[in-house]
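Me: I have a structure open and would like to go through it slowly, one piece at a time. Could you help me read it?

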Amino acid sequence: MSFRLYGVLAQQSFKTFLTYRMTSVLVVLFGFMFTAIEIAAGFVYYSFAHRIGGLNFLQYEILIMSLISITTTYQFLFVGAHESLAGDLIDGNLDYLFLRPLPSYWYYALRQLDFPSGVNLLVYIPVTAFLLTRFPLSWSAWSLILVIYVVGVLFVFALNQIVVEISFWYDNLTALNGVPEDVISAASRPARIYPRWLQLILSTGLPVLALSNGIVTVTVKQSTAWQMLVPLVIVTVLLLVFSFYLWQRGTRHYVSAN
């Protein structure tokens, strides 16, 4: 997909954002409200202890804000397409997609930006960066943080992409769409509070702990952050390959409703 076409799609998404102004404003406000609750919960937790799971209060807030920044970036870039795939299959809207001489996988995934999430992101990323500046980080540490952030967004995308692609074979399974969000949310705590066996599973098999704890671990020990990044990269690549394979199989299985 060319940058020019992506720019046209972004303009269409922005017009949709303006058309549904009241809904968009409410989505933005609820996004900030839920984030404020997560931050306020940190004040409650740390009123009982100075360190939880090896992290102080500031590091805990970095964990929360970095994870929210990653998931909100995913929402800004991809959630519009993921929310509409099941309906598009039933309505036969994919017909128009396959008529275009473009890679359908990435065209569909990138065709709709969620601008309310983009507004939230304009606050979350600077706040996360500000919290990180409270620690003396080298350029290599900042580069590592950037890599974890980008890979984390791709990981969340691939995980959700696989779940929504089940709609090619089964109708009315949209309830599964919330499963990746629930799994990621369940891992949004310091890694050391989980049992060792669960840490191992959530760091290697399904590395959601690397997603939530990876960036804040850079402020603690960079070598540990690298160890968390490796399985995250490997699993993300495998998920992307598998989601692309499922898309190819699904589009061959797809029958037009028109």
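Me: Leaving aside neighbours within four places in sequence, which residues is Gln161 in contact with?

Reply: This is a predicted model, in which local features need pLDDT of at least 70 and side-chain atom pairs count only at pLDDT 80 or more, while totals for chains, interfaces and linings use all residues. Residues are numbered from 1 along each chain as its sequence is written, and side-chain values use heavy atoms, with hydrogens and water left out. With neighbours within four places in sequence set aside, Gln161 is in contact with His82, Tyr105, Ser243 and Trp247, where contact means heavy atoms within 4.5 Å.

Me: And where does Gln161 lie, and is Gln161 buried or exposed?

Reply: Gln161 lies in helix H7, and helices here are DSSP runs (H or I, at least four residues), as strands are (E, at least two), numbered from the N terminus. Gln161 has a relative accessible area of 3%, so it is buried; buried means under 20% relative accessible area, exposed means over 50%, and partly exposed is in between, using a 1.4 Å probe and protein chains only.

Me: What about Val153, which residues does it touch?

Reply: Val153 is also a residue of helix H7, and not counting residues up to four places away in sequence, Val153 touches Ile70, Thr73, Tyr74 and Phe78. Its relative accessibility is 7%, so Val153 counts as buried.

Me: How far apart are Val153 and Leu211 in space?

Reply: From C-alpha to C-alpha they are 8.9 Å apart in space, although 58 residues separate Val153 and Leu211 in sequence. Leu211 is one of the buried residues of H10.

Me: OK, let's move to H10 then. How many of its residues are buried?

Reply: Helix H10, which runs over residues 208–218, is mostly covered, with 11 of its 11 residues buried. What covers them includes helix H3 (57–91), helix H6 (115–132), helix H7 (139–165), helix H8 (179–186), helix H9 (196–205) and helix H11 (222–253).

Me: At what angle do H9 and H10 pack?

Reply: H9 and H10 pack at about 90°, and their axes are 5 Å apart; axes are lines fitted to C-alpha atoms, for helices over the stretch in contact, and angles run from 0 to 180 degrees between N-to-C directions. That makes H9 roughly perpendicular to H10, since angles of 65 to 115 degrees count as roughly perpendicular, those under 35 as roughly parallel, those over 145 as roughly antiparallel and the rest as oblique.

Me: Which residues meet there, between H9 and H10?

Reply: From H9, Gln199, Leu202 and Ser203 meet Val208, Leu209 and Ala210 of H10. The residues of this contact of H9 with H10 divide into four nonpolar, two polar and no charged, where Ala, Val, Leu, Ile, Met, Phe, Trp, Tyr, Cys and Pro count as nonpolar, Asp, Glu, Lys and Arg as charged, and the others, Gly among them, as polar.

Me: And H3 with H10, what is the angle there?

Reply: H3 and H10 pack at about 125°, with their axes 8 Å apart, and they are therefore oblique to each other. In this contact, Gln59, Ile62, Leu63, Ser66, Leu67 and Ile70 of H3 meet Leu211, Ser212, Asn213, Ile215 and Val216 of H10. By class, the contact of H3 with H10 has seven nonpolar, four polar and no charged residues.

Me: Now H2 and H3: at what angle do they cross?

Reply: The axes of helix H2 (residues 21–45) and H3 come within 10 Å and cross at roughly 160°, so H2 and H3 are roughly antiparallel to each other. By class, the contact of H2 with H3 has eight nonpolar, two polar and two charged residues.

Me: What does Ile39 touch?

Reply: Ile39 lies in helix H2 and touches Glu61 and Met65, not counting residues up to four places away in sequence. Its relative accessible area is 26%, so Ile39 is partly exposed.

Me: Last one: where is confidence lowest in the protein, and where is it highest?

Reply: Confidence is lowest in helix H4 (residues 94–99), at a mean of 72, and highest in H7, at 93. The protein averages a pLDDT of 87, and 97% of the residues score at least 70, pLDDT being the predictor's confidence in each residue, from 0 to 100. Where pLDDT is low, the predicted coordinates should not be read in detail.
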